[in-house]
Amino acid sequence: MATETNPSITVDFDSAVPVYRQIADEIRGLVARGELEDGAGLPSVRQLGSQVGVNLNTVARAYRTLADEGLVELRQGASARVRIPDAPYRSAMAPDDERRLDDLISRWVLAGADRKRIEELIRGALDRFFAARAAGGADGGGA
Amino acid sequence: MTLVARLALVVSIASVALVIHWVARVSHPRRLFFIHLGRELSDADRARSRRLVWVNALVSLLASALVFVAEPSGKLVLAASLAPLLPTAWMLGEMVGLVRSLPVERVPGRFTVPLGEQPSATSYVSAPLQVANLVLLVATAAAFLWLLSHMPDRVPLHFDLRGHANRYGSPTGLWGLGFIQVFDTLLMWGVAWGMSRERWALPPEHAERYAALQRERRALMVRLIEWLIIGTNLSISIMWLAIAVAVRAARMPGLGLALSLLVAAGAMFLPLVVYLRPLMRVQDEIRALAGSEVLGTHTSGWKARGLIYFAPDDPALLVPKRRGIGQTLNFGRPAAWLILFAVIIGAPLLSFLATKLLG
């Protein structure tokens, strides 16, 4: 049975971000929010490709990206599995994170947001994230 | 030509006319011929509807009169029985013309898909209807088997319009009708399977309500097909047994055939009357929530003003129709052509094979 209460991912074909990256970002988000737990099985590349409406290579590339980060375990002949690493998450401090944040702030500023508005946006995103994480059964933590 | 045969022919002409009338009349401020226009109906649209209503009424009245007044000469009766094809073709022409005049909007590219399993085909079918259909098929086959054991080897199989037998053969050829019922049933299961395979794409802002609407849309669609197929199968069962009983007595099947036609007419009309309106209501809400009736499909795949879906880069085999109800095939996938071929030649092929193998 399916359903909207299951972990779900959102893709946007109109976005400039490649779909494989959107899929990887969404699954990473599900893991971070505790909606996908350690050992949770992921759909096969064929199944997810059919559900999203993309070529299975696109899904395979998303899974490979997550596997390279150490967040997903790819097993020959079996479905991929979420693997939450014991050691600190490898891409926690990815070198381009600061650049991506700066870029995001630049675009908000160009769109007319001032410092107060940007603080609101970030606070809102943090609130949403940790609320979802608390609802997902994971440790709520604190911001 | 007996009175019963004339009446049966008039009933079938009238049932086609009723369906066309029901589609043609204006029954919604923004929809014509069950096609959502995305705007209020104009005077030209209303004139289109009136024209078809009149042509349909006129042709079917003339055809019905012809059935009663004509001498049972083959040609006039044939003309009368083919007459409903004219308003039908007219209606299809109007529908295509209307669709061609409508703008094709972009399909929103943003949607949510659950990672878990989708509802299965069995969650859309009705258990009592499925059991009733299987019981009907088995009971008819058993009754025919019993009749067959009490029949001579050669019986009249075809009659001219005056009721004289003009073809004789083995009665085992009548198994072909049972094979058509089996094919119908497979088609019904195919529709339920197809509805369950549609992409479970939800608008992120209204995911829960939209999911409930999609489940309702799919269940209504499957229920409509279930009733259509069971009605058709009931009609075939009556025809099958009526023919078997009649040829056993070497006479033309009269009342049974008329009854079978009547059931077929009801089977075509009643499910449409009951299920089309709720389906349209659900689809309107789906369109309003998602901004499109085909969320999850690729905008670039919609060709011919949204009439045909051809998207080789989309793994989906079946997608919702952009106009009207139900589904269409993704002709960008080879399997779609195979399915189309199987559906077109399936029933005649099964019937032919049955006659060859059993006859």
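View 1. Chain B splits into domain 1 (1–102) and domain 2 (110–359), with bounds that come from an automatic or database domain assignment. This is a predicted model, in which local features need pLDDT of at least 70, side-chain atom pairs count only at pLDDT 80 or more, and totals for chains, interfaces and linings use all residues. Residues are numbered from 1 along each chain as its sequence is written, while chains are lettered from A and ligands numbered from 1 in the order in which they are written. The C-alpha centres of domain 1 of chain B and domain 2 of chain B are 23 Å apart. Their contact (C-beta atoms, placed from the backbone, within 7 Å) draws 19 residues from domain 1 of chain B and 19 residues from domain 2 of chain B. On the domain 1 side, α1 (3–24), α3 (74–82) and α4 (85–101) of chain B each supply at least two residues; helices are DSSP runs of H or I with at least four residues, strands are runs of E with at least two, and both are numbered from the N terminus. The most comes from α1(B), with nine residues.

**View 2. Chain A against chain B.** Here the contact takes 21 residues from chain A and 24 residues from chain B. From chain A, β1 (8–12) and α2 (45–52) each give at least two residues to the side that touches chain B, and β1(A) gives the most, with five. Look for the antiparallel pairing of β1(A) with strand β3 (residues 110–114) of chain B, joined by five bridges; strands count as paired if DSSP finds at least two bridges between them. Within this pairing, A:T10 stands opposite B:T112 in β3(B).

**View 3. Inside the largest nonpolar core.** A nonpolar core is a set of buried Ala, Val, Leu, Ile, Met, Phe, Trp, Tyr and Cys residues joined through C-beta atoms within 7 Å. The largest one has 102 residues, and those with the most contacts inside it are A:I23, B:V222, B:I225 and B:W240. Helix α7 (residues 207–248) of chain B gives the most to this core, with 21 residues. Leaving aside residues up to four places away in sequence, A:I23 touches A:I9, A:V11, A:V52, A:V59 and A:A62.

**View 4. Positive phi in a loop of chain B.** B:A304 lies in the loop between β6 (302–303) and β7 (308–309) of chain B, and its phi is near 50°, a positive value in a residue other than glycine. B:R305, in the loop between β6 and β7 of chain B, has phi near 55°. B:A304 is exposed, with 12 other C-beta atoms within 10 Å, and B:R305 is partly exposed, with 15. On this scale, a residue is buried if 20 or more other C-beta atoms lie within 10 Å of its own, exposed if 12 or fewer, and partly exposed in between.

Key
Two residues are in contact if their C-beta atoms, placed from the backbone, lie within 7 Å.
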